[in-house]
Structures are given as structure tokens and as C-alpha cells.
Amino acid sequence: MINTASTPPKPQSYKTNVEIDWCPGCGDFGILNSLVLALQELKIPNENVVLTGGIGCSSKIPHYVNVNTLHTLHGRSLVQAQAVKMANPRLEVISASGDGDGLGIGSAHFVAAGRRNVDMTYILFDNGVYGLTKGQASPTLPYGEMPKSIETENIKFPVNPLFLGLASGFTFVSRSYSYNIKHLKETLIRAMKHRGLSLVDVMQPCVTYNNINTKEFYDPRLYDIEKEGWNPVASNENEYKQKVPQAVLKSLEWGDKIPMGVFLDYQTETYDQKLQKLVPDYGKKNYVMDPIHSNGKPLNDVTDLMNSFC
Amino acid sequence: MMHDLNLMVAGPQGSGINFTSDTFAKVMTREGYQVFTNAELFSTIKGEHSYFRVRVCKDIIRSYSERIDILIPLDAKSVLLHVKELAQDGAIIYEDKLEDPRHAAVPYKDILQTVATKFGKALSELNVMKNTVALAGATKMIGLDKEKLKRVISENFASRPKIADMNNAIVDEVYAEFKAERTFDLEPTTYKKRMFINSTHAVGMGKVEAGLKFQSYYPITPASDESNYLERVMGKYDFIVEQTEDEIAAINMAIAAANTGLRSATSTSGPGFSLMVEALSYSGMTETPVVIFYYQRAGPATGMPTRHEQGDLKYALSAGHGEFPRVMIAPGDHKEAFYDTIDAFNIAEKYQLPVIVLLDKAMAMSNYTVDPFDLSKVKIDRGKLILSETKDYLRYRFTDDGISPRSVPGVKGGLITVAGDEHDEDGHIFTEDADNRIKMMDKRMNKMASVLREAPPDLKVKFYGLPTNKKVIVSWGSSKGPIIDAMEKVKDVSLLQIRMMEPFPVEEVMKYLKGKTIIDVEQNYSGQLADLLKEKTGLEVSTRIVKFNGRPIAFEEMVEVLSKPKLGKREVLTYD
């Protein structure tokens with residue numbers, strides 16, 4: 001969900017002047033540009049945005065976006081991002097990381113995130129290889145493939161991020177393409193506007209190490225499922241139960257035709273609403289800005305708690 | 001007149017032994033007695049042999065006794081295992097007839113049958129209330145007013161009044177029908193209001209008082225009791241407790257919440273801490289004020305999950321790759337645990353670094369009486385936290401004291417860039433400049449000297465006993481209790497309790513230990529504090545008294561070892 005600014009920030013103010021160290025032609029650039037465009041269009045004040053990254057080429061993106069950024073540990077981008085949103089629900093929180101980060105070392109957090117449904121957006125930079133360590137096979141590399149950077153063909157089956165996202169409980173599940181800025185920007189905007197946990201799986205060539213899943217590979221194969229009539233919106237639990245299996249079937253398509261677009265858009269209870277069931281004042285008070293002391297004297301008083309043990 | 005009285009409730013896990021001992025302890029607490037308990041649980045839910053000890057005295061007591069005055073076994077196995085510990089003039093309350101002259105023959109069956117009839121129940125339905133029969137038998141022998149016992153029972157079953165009524169009817173019957181031959185006359189005391197708590201409660205209350213807003217945890221014995229306690233009170237005090245998918249998530253969430261501006265913490269035990277270690281290093285590098293509550297248990301690996309040990313001192317001090325500043329505090333009792341918890345948050349935020357509070361299973365599961373905390377002594381210091389609009393902001397700005405102003409998301413003009421890679425003042429990572437590396441390492445590591453300089457003396461060490469004693473025990477954590485109790489019998493030895501393990505208070509330690517005969521007491525195999533002492537000060541201990549069988553130190557074994565005319569280099573305590 002979006003909290004927009006009363007005075008829109010200047011265009012370009014979402015980019016830092018940090019020199020970008022991705023390889024020329026890297027698919028990461030398309031994602032960075034789309035994200036910056038999306039933020040400009042949504043006009044969220046910079047100080048109210050938090051972008052987290054894990055470790056890897058793509059996870060350096062926090063340094064290039066002029067918002068609050070947490071460059072976390074390998075695999076921990078999504079889990080830290082959820083905590084930021086839980087700590088301060090007023091923030092717009094975006095997590096970015098590669099497929100190795102999110103579905104290899106961080107897969108436990110990916111699955112658990114679906115159970116919570118924190119209102120935030122997770123961008124998966126999906127290129128099939130571990131670029132920063134010179135191109136080892138990552139969890140999404142198709143079975144049997146052997147990009148030039150690996151020593152032997154890949155004998156593991158790939159994880160399907162969309163299928164796993166649907167199974168885990170993500171309430172907005174989508175795929176886009178880093179060389180289709182218009183589609184990617186629009187998908188990111190929809191993901192951020194969605195109230196709940198959004199997955200944006202971005203097909204993204206690694207020009208240095210993955211010579212199979214290239215622009216030439218993707219361009220003729222990717223098609224937009226929504227243009228072919230798929231309606232991802234589930235407006236109640238029954239529709240959700242009907243939509244999910246169909247979305248799963250679509251997510252399994254891979255080969256001559258590769259689907260992209262929004263597979264599922266379902267609004268249900270978000271984690272802040274669920275937390276409010278346990279902590280009635282949660283979200284009403286501002287945990288960050290409201291003081292916890294007055295001149296050093298605690299505002300909490302545990303006298304009642306002490307008495308309960310007497 | 002007895003100075004102290006020791007009651008043991010033993011039986012299979014799940015048979016109500018915990019309930020029985022807790023009820024007794026609460027009644028005695030309300031009588032104004034000091035109460036100390038020790039729980040020895042088997043790592044199962046139901047069936048295996050477990051036992052609780054309750055020691056009662058009008059004076060403060062800090063350890064359990066090997067002597068049992070009243071034994072309440074709830075099965076035959078418990079009779080066999082514990083009767084050897086029963087005092088010559090003790091009593092054993094057991095439902096079947098025993099040849100032992102100490103057997104207190106409470107008419108279990110008649111009492112239960114009377115109450116069952118009165119409530120229209122089958123006798124078998126009241127089997128679970130046998131422990132109440134025994135408990136009432138004990139309180140009658142001690143000469144307690146039955147109404148006081150009934151009041152605690154009613155409170156315990158507040159949500160199930162029918163159950164409370166039945167249990168209380170049992171109490172009435174026992175007091176009417178049981179003719180106790182043996183009685184126990186405790187030295188009288190006057191009422192004083194005290195809490196009956198363990199360290200998970202003390203830490204929990206400390207966190208609430210300190211303004212905690214975010215706690216994350218993954219279930220683990222014995223740490224999760226603290227998080228579960230916080231879950232019970234979070235609705236009232238407005239904070240969140242998050243049960244995560246694993247301990248890696250737990251600490252990463254706590255770190256992220258801290259960087260978002262909340263006082264945040266995680267609690268765990270050894271196996272969970274091991275999973276947190278990478279992120280601990282990250283919190284040092286990113287200057288994140290996160291607090292980790294580390295309840296040690298017997299390791300290695302899964303070890304003995306419900307048993308006690310202080311085996312992780314050196315590990316917690318060195319865990320994490322690379323060199324980064326950390327503060328580690330080891331409270332020695334529940335009262336210290338409360339105040340240290342608040343200090344830990346203040347230190348974490350003031351110096352922007354991870355703080356580890358090192359506790360142990362004995363503290364987590366040993367309930368005892370504690371005077372209410374003095375809240376007027378509590379102060380909150382959030383350091384250089386910025387919550388209003390700022391400009392020209394750099395998260396890792398070099399300053400004279402090495403501590404940068406700390407902004408958080410949502411502050412206009414105060415965008416933060418937090419990075420675990422080596423970074424510039426602005427948090428960006430595209431420098432591996434050699435000079436910057438030196439400046440950043442100095443910035444972070446120099447905090448340790450500031451902590452040491454500014455920490456109050458009694459957060460670093462505490463000294464007990466006569467300063468003129470030639471022999472000084474050095475110890476830490478929950479070992480303190482039995483040592484201080486033993487020092488009331490063995491007067492020629494003093495105690496230096498080391499509380500701040502990192503940065504190590506060399507000056508204070510030297511002041512108390514230089515020129516002394518040093519005796520190390522700790523509950524691990526090797527004597528880790530003795531090693532640390534040597535590393536930091538060059539001082540050698542003459543004896544390492546260690547205990548590592550999974551049980552805390554008993555009062556008598558501590559007296560016995562300290563009374564030896566000549567101590568060896570290594571003395572192993574074995575009482576269970």
C-alpha cells in the first residue's frame with residue numbers, strides 16, 4: 001500500500017550518484033530503472049521508502065536508489081524487510097535479491113513470508129546463476145542446462161518461484177522481464193499498491209555467465225497472460241481457492257512459450273491486521289517516533305507485572 | 001525450630017509436580033518466607049522422572065539443599081530414587097504403605113472417595129488430584145492455615161472454578177482426616193512483599209520497562225519461556241513478539257527492527273545462537289544496537305536441553321567472523337537480570353553495537369523470591385538517536401568519540417544506508433580504500449574503551465566478603481548463589497563476581513585479585529573463566545572447581561569443597 005507525498009519529489013531524486021558496478025548490458029539495469037520510474041510515479045517521499053538487498057550482484061541495488069537502504073546478509077533481504085515493515089507499518093518496503101539469495105540460502109524466509117503476508121514487495125532478480133561468485137548454477141537454472149560458466153551440466157531440478165510463491169501464500173504473484181521496462185514498471189506499481197505480500201519474479205539475463213537464458217532466448221518466448229485473457233484477481237476466499245490451481249498450471253509453462261504478467265492478486269488479511277488481533281494498539285501508535293521515556297524516565301511501568309508475581 | 005525446610009516433589013513429567021511445588025512455593029512466599037526452587041526436568045513432555053525442590057527459610061537463600069525434609073513422590077520410582085536424600089527426621093508423603101518409619105500416612109483413598117462422592121464423580125476422575133492430597137498433607141505438617149493454601153489454589157484455577165472447588169474440598173478433608181505424627185516448626189517470619197520469579201520473568205519485565213518494541217525468537221529450551229511471557233503481556237504494553245522460522249530469521253528481524261528505530265531483542269540458547277553468529281558479526285559491522293539474550297544449557301550439539309551448564313562463555317565472546325565490538329554482561333541472579341536488561345539496551349543504543357546478556361538454565365528455571373525492583377533507579381538512554389528532520393546526514397560519520405548520530409527511516413533528510421560490507425561514512429560500499437578501512441576499524445573498535453571507561457563499577461564486578469581474606473573465589477553467573485550461601489559457613493574466603501565479560505574489566509579485577517589465592521568456581525568442564533582471566537590479566541587460579549553434570553551447585557557440596565584443608569588443581573562437583 002502506498003502513502004504518497006503532498007509535495008511530489010523531483011524526478012531523478014530516486015537515483016543516487018553512486019557509480020554502478022554491474023557489467024555493461026546486465027539485466028539488473030532494467031530493474032533499477034523500472035523501480036526508479038515506479039517510485040517517481042508513485043511519489044512516495046524518499047525517507048518513507050526502505051529498500052533491502054541481500055548479497056549478490058542484484059543485491060547491490062540499494063546503493064543506487066536514493067531511499068533508506070539496508071544491504072543485509074546473503075539470503076536475509078526478505079526477512080529483514082518484513083521486520084522493517086512490522087516495526088514501522090507507515091513505511092513503503094521493498095526487498096530485492098537474486099534467485100540464489102531468495103530461493104537457495106534464503107528459501108526458509110521465502111516460504112515463511114507467505115505465511116505472514118506482510119504488506120510489502122519482493123523483487124526476485126532471476127537469472128539462473130550466481131553472478132558475483134562467477135556463475136555457479138542457482139536454484140532456478142533449468143535441469144540439464146550448462147551455461148558456459150559452470151563445469152558440469154545442472155543435475156538439479158529448478159525451483160519455480162511463482163509456484164513456490166503461490167504455495168507459500170504470497171497474495172500477489174507476478175512475473176516480468178528486465179528488458180520490458182514498461183511492463184516491469186507497471187507490474188512493480190501494481191505490486192506496491194497491492195495490500196499484502198507481492199512477488200515480482202523478473203526474468204533477467206546475466207550477460208557475463210548465462211549464455212543460455214539471454215535476451216535472444218526470452219524475447220520470442222515471453223507472452224503476457226493478462227493480454228490473453230487471464231484475470232488474476234480473486235476477490236474472496238472461494239475465488240482464491242479456484243484461482244490458485246489455475247495460476248499454478250500457468251506457472252508451470254516453460255519452453256517455447258514463457259508466461260509473464262500477474263498470476264494472482266488476492267487481498268486478504270495482512271500481517272499488520274493480524275498483529276492487531278494480538279496487540280490492539282499496534283499500528284495506531286508510532287513505535288518509532290513515539291517516545292519511550294521522558295528525560296530518561298521510562299514511560300512503561302511494570303508495577304502491575306511485579307504485583308502479578310507477589 | 002527449623003531454620004530452613006526443603007520439600008521435594010518428584011514424579012513422572014506431566015503428573016502435576018510443577019503445579020504442586022509452585023503452589024507450595026507461592027503459599028510460603030505469601031507467608032513472608034524466602035523461597036528458592038530448583039527444577040530438574042527430563043527432556044520429554046510426559047512420563048520421564050523429574051523433580052522440583054523447594055527450599056524455604058526466613059533469611060535469604062540462593063541455592064538448593066541436598067537435604068529433603070518432606071518428600072512427595074508421585075510414583076514408586078520417585079520413592080526409590082529420593083528416599084536416600086530424606087533427612088533422618090523427615091517425612092515421606094506417599095499413597096501406598098511404606099515400611100519406612102518416616103512415612104506420613106495420609107489417607108489418600110478415603111479423602112479422594114469422600115470428595116468424589118460429594119461432587120458426583122468417579123474415584124478415578126480424581127486421580128489427577130493426588131498431588132493436592134500430598135500438598136495439603138505437607139502444609140498441615142508445617143502448620144499452615146489451610147485457607148491460605150486454598151486461596152492460591154483458587155487463583156491457579158481461576159478459569160476453572162469447579163476444579164478449584166474440588167481441590168479445595170480435598171484440602172479440607174486432609175486437614176480434617178490426616179493426623180500428622182510428625183510436624184515441622186519453621187522459624188517464624190514476618191510478612192514482606194516479594195515476587196516469586198525466575199530470570200525469564202525478570203528479563204521480560206526489564207524489557208518492558210526498557211521500552212522494548214520488538215522481540216523475535218525461535219522456540220528453544222530454556223529461552224522461549226521469556227518470549228512466551230512477553231507474548232502474554234504484549235497486548236497490554238503495546239509491543240510485538242515475533243516467532244520466526246528459525247534463529248537466523250530471529251536475529252535478522254531484530255537487527256532490522258533496531259535499524260528501523262525500535263528497541264529490539266532476540267532470546268535464544270546455544271544451538272540457536274550458533275545460527276545467529278553470522279548476523280552477530282553483521283550487527284557489529286553495521287553498528288546496530290541489538291540485544292541478544294543467551295540462556296546457556298548443557299551442550300555440545302543438542303546436549304541435555306533441559307539441564308544446566310555455563311559452557312558457552314568463551315564461545316559467546318569469540319563468536320562471529322572478523323573483529324568487531326561487542327559488549328557481554330553476565331547477571332548472577334534475577335535482580336541483576338532485570339537491571340542488566342535495561343543497561344543492555346542503553347549500552348546497545350549509546351554505543352551502537354550488539355550486546356549479549358549471558359544467562360543460563362538455572363536462572364531460567366529456578367524460581368525464587370526477589371524484592372520488588374526499584375523502578376526509580378531505572379534510566380533510559382537512547383544515545384545519539386535522531387527522530388526529527390536533519391540534513392547533511394551520514395550514517396557512519398566520523399566523530400570524536402567514534403559514535404555517529406543515528407537516524408532511522410522516516411526521518412526527513414536522514415536517509416540511512418546500512419551495509420555489512422566495509423563502507424564509507426555514507427554507508428556505500430564501493431570503497432576498499434586502505435586508509436578508510438583503518439579509520440572505520442578504529443571507529444568501531446574504539447567504542448570498547450569508551451564502554452569500559454563509562455560503565456558503572458558494579459556492572460563490571462561485584463565483591464562479596466572480607467577484602468582482607470587471602471583466598472578469593474572468582475566466578476560468574478548463577479554460580480554466585482551457592483557460593484555466597486556457602487560463604488556464610490566458610491568465612492575465610494571472599495568472592496569476586498565478574499559481570500562484564502567484554503570489554504573485560506582488567507583494572508577492577510586486578511584490584512581485587514592481585515596477590516590473592518584465586519579459586520575459580522564455574523559450571524563447565526574446563527574452567528573457562530579461569531582461562532579468560534589468564535588471557536586478560538596474566539593471573540593464574542590455584543584451583544578450578546567445576547561442575548558439568550547438568551545440575552546446578554547445591555549448597556552443601558559448595559560448603560564441603562570450600563572447607564577442604566587442601567584443594568587440588570581441579571575439583572569436580574557431582575551432586576545430582
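How many bridges join strand 2 of chain A to strand 15 of chain B, and in which sense do these strands run? Three bridges, and the strands run parallel. On the chain A side, the strand covers residues 68-71. On the chain B side, strand 15 covers 417-419. One pair to look at is Leu70(A), which stands opposite Val418(B) in strand 15 of chain B. Keep in mind throughout that this is a predicted model.

Now the rest of the contact between the chains. Chain B puts 60 residues in contact with 50 residues of chain A. Which element of chain B gives the most to that side? Helix 9 of chain B, with seven residues. Other elements supply at least two residues each, among them strand 7 (195-197), helix 8 (224-237) and helix 10 (270-285) of chain B. Helix 7 and strand 9 of chain B are on that list too. By residue class, the side of chain B that touches chain A splits into 34 nonpolar, 12 polar and 14 charged.

Next, the domains of chain B. The assignment gives domain 1 as 4-177, domain 2 as 196-377 and domain 3 as 457-573. Between domain 1 and domain 2 of chain B, the C-alpha centres are 34 Å apart. Their contact takes 12 residues from domain 1 of chain B and nine residues from domain 2 of chain B. On the domain 1 side, helix 1 (17-30) and strand 2 (34-40) of chain B each supply at least two residues.

Chain B has an open sheet of seven strands, in the order 9-8-10-11-13-12-19, and the pairing is mixed. What are the edge strands? Strand 9 (240-243) and strand 19 (500-502) of chain B, each pairing on one side only. On average, neighbouring strands of this sheet are turned by 20 degrees against each other, direction ignored.

Strand 12 (residues 327-329) of chain B pairs with strand 19 of chain B in the antiparallel sense, over two bridges. There, Met500(B) in strand 19 of chain B is the bridge partner of Ile329(B).

Helix 9 of chain B comes back here. Residues 247-259 form this helix, and it lies across strands 8, 9, 10 and 11 of chain B. Against strand 10 (264-268) of chain B, helix 9 of chain B runs at about 165 degrees.

Now a helix pair. Helix 7 (residues 199-210) and helix 12 (residues 334-351) of chain B have axes that come within 8 Å and cross at roughly 35 degrees. The crossing is right-handed. Helix 7 of chain B brings residues including Ala202(B), Val203(B) and Met205(B). Helix 12 of chain B meets them with residues including Phe338(B), Ile342(B) and Phe345(B). The residues of this contact divide into eight nonpolar, four polar and two charged.

One last residue. Glu454(B) sits in helix 15 (residues 447-454) of chain B. Is Glu454(B) buried or exposed? Exposed, because Glu454(B) has 10 other C-beta atoms within 10 Å, and 12 or fewer counts as exposed. Glu454(B) and Ile347(B) are 107 residues apart in sequence. In space, C-alpha to C-alpha, Glu454(B) and Ile347(B) are 10.0 Å apart.

Terms used: Residues numbered from 1 in each chain as written. Chains lettered and ligands numbered in written order. Predicted model: local features only at pLDDT ≥ 70, side-chain atom pairs only at ≥ 80, totals over all residues. Pairing = 2+ DSSP bridges. Helix = DSSP H or I, 4+ residues; strand = E, 2+ residues; numbered from the N terminus. Axes fitted to C-alpha atoms, helices over the stretch in contact; angles between N-to-C directions. Contact = placed C-beta atoms within 7 Å. Left-handed = near helix turned anticlockwise from the far one by under 90°. Nonpolar A, V, L, I, M, F, W, Y, C, P; charged D, E, K, R; others polar. Domains from an automatic or database assignment. Buried ≥ 20, exposed ≤ 12 C-beta atoms within 10 Å, placed from the backbone.
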